Amino acid sequence: MNFQIALNFEDGVTRFIEASGHETVADAAYRQGINIPLDCRDGACGTCKCFAEAGRYDMGDNFIEDALSDDELAQGYVLTCQMRAESDCVVRVPAGSQVCKTEQANFQASISAVRQLSESTIALSIKGEALSKLAFLPGQYVNLQVPGSEQTRAYSFSSLQKDGEVSFLIRNVPGGLMSSFLTGLAKAGDSMNLAGPLGSFYLREIKRPLLLLAGGTGLAPFTAMLEKIAEQGSDHPVHLIYGVTNDFDLVELDRLEVFAARIPNFSFGACVANPQSAHPLKGYVTQHIEPRHLNEGDVDVYLCGPPPMVEAVSQYIREQGITPANFYYEKFAAAAA
């Protein structure tokens, strides 16, 4: 049986390889042209030490403690020259992708749909045979090239890949290069190029309650994560707080309701910062974080939004005297042109 191994490099590039249960992850990587750090191959030097963020695997006992201690093994560190996958795995490699003789992949696709969800948000879907080979971790992003230019924009996937199709939530920036294309020129069938996947903001193995905090189109990576959670289930509570500036910025609420129906442990709330809002919940996301959501620190917090939101949430959590088990965040700022 073959398993998918996601190799995440220090520069944010992610590459997927296939490994059989009979070969080591290092051997599988080299067989597929990715030269992850390696020296002895005997579990003696520690050069190939990486961190396994998800998945089941067998490390055997053919390595020495100088290369990998019992404490490191318990924490999730592995020697890829000894590691044999027993499921799909996610492995963090402490080296840049170029050092490992690989780079981000490039794909070509065509626009399948463009929808203006509100005056501030555009939904873009692209599809192509090449995308059927695109693998990424929910929460990651790609660089989309603006047609007719050499410039690219970074967007998080808002869906998983299905039948060669992926989707994005894009902020409509007046006068923005991508926004102007999507609102004025784009049509079904137009070609688009993308490169990736990229980013260290992605869903890890769920080991405790999750608190998801989204600002504006920062909702995108969370809808992809929720698709994955709906597929695999969760034994732990998952709560999303989605904050926007104005009522018209609220999008995809129907989709969140569907996730709430599909995922037994999932709940969400949406709030609007504008005090003149007609929405029931007003204010910023920090005003709607309850003590139970932070679970006395036994929680993994995921946050995606503009820099001021990231700083505000970080400060709020510190003020509560809470240190989350893990705090993952992605800052984004819309391109001005």
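Me: Where is Glu 252 found?
Reply: Glu 252 is found in the loop between β15 (238-244) and α5 (253-262). The model is predicted. Look at the backbone there: Glu 252 has a positive phi of about 60 degrees, although it is not a glycine.

Me: Which other residue has a positive phi although it is not a glycine?
Reply: Glu 296, with a phi of about 55 degrees. Glu 296 lies in the loop between α6 (291-294) and β17.

Me: Is Glu 296 buried or exposed?
Reply: Exposed, because its relative accessibility is 77% and the cut-off for exposed is over 50%.

Me: What about the peptide bond from Gly 196 to Pro 197?
Reply: That bond is cis, with omega near 5 degrees. Gly 196 is found in strand β13, and Pro 197 also has its place in β13. Gly 196 counts as buried, at 0% relative accessibility. For a sense of distance, take Met 178: Gly 196 and Met 178 are 18 residues apart in sequence and 18 Å apart in space, C-alpha to C-alpha.

Me: Now the charges. How do I read a salt bridge, and how many salt bridges does the structure hold?
Reply: Side chains of opposite charge can pair when their charged atoms come close. The structure holds 12 salt bridges. One of them joins Asp 27 to Arg 41, with the closest N and O atoms 2.5 Å apart. Asp 27 lies in helix α1 (residues 25-31) and Arg 41 in the loop between α1 and β3 (49-54), so the pair ties together parts that are 14 residues apart in sequence.

Me: How exposed are Asp 27 and Arg 41?
Reply: Asp 27 is partly exposed, at 34% relative accessibility. Arg 41 is partly exposed too, with a relative accessible area of 40%.

Me: Which residue meets Glu 53 in a salt bridge at 3.5 Å?
Reply: Arg 204, with 3.5 Å from N to O. Glu 53 lies in strand β3 and Arg 204 in the loop between β13 (191-198) and β14 (210-215), so the pair ties together parts that are 151 residues apart in sequence. Both Glu 53 and Arg 204 are buried.

Me: Which rings does the charged end of Arg 204 lie over?
Reply: Tyr 202 and Tyr 328. The charged end of Arg 204 sits over the ring of Tyr 202, 3.8 Å from its centre. For the face of Tyr 328, the distance to the ring centre is 4.1 Å.

Me: Which residue forms a salt bridge with Arg 208?
Reply: Asp 300, with the closest N and O atoms 3.1 Å apart. The pair links distant parts of the chain, 92 residues apart: Arg 208 is in the loop between β13 and β14, and Asp 300 is in strand β17 (residues 300-305). Arg 208 is buried, with a relative accessible area of 19%. Asp 300 counts as buried at 2%.

Me: How do I read aromatic pairs, and how many are there?
Reply: A pair of aromatic rings is described by the distance of the centres and the angle of the planes. The count comes to eight aromatic pairs. Take Phe 266 and Phe 268: their ring centres are 6.1 Å apart and their planes are at 15 degrees, so the pair is stacked. Phe 266 counts as buried, at 6% relative accessibility. Phe 268 is partly exposed, at 22%.

Me: Which residues form one aromatic cluster?
Reply: Phe 201, Phe 222, Tyr 302 and Tyr 328.

Me: What does UniProt list for residues 104-204?
Reply: An unreviewed UniProt entry lists "domain: FAD-binding FR-type" for these residues. Over residues 104-204 the chain is 8% helix and 46% strand. The end C-alpha atoms of this stretch are 21 Å apart.

Conventions
Residues numbered from 1 in each chain as written. Predicted model: local features only at pLDDT ≥ 70, side-chain atom pairs only at ≥ 80, totals over all residues. Heavy atoms only, no water. Salt bridge = Lys/Arg side-chain N within 4 Å of Asp/Glu carboxyl O. Helix = DSSP H or I, 4+ residues; strand = E, 2+ residues; numbered from the N terminus. Buried < 20%, exposed > 50% of the residue type's maximum accessible area, 1.4 Å probe, protein only. Phe/Tyr/Trp six-rings, centres within 6.5 Å; stacked < 30°, edge-to-face > 60°. Lys NZ or Arg CZ within 6 Å of the ring centre and 35° of its normal. UniProt positions renumbered as here; feature names shortened; annotations may be inferred.
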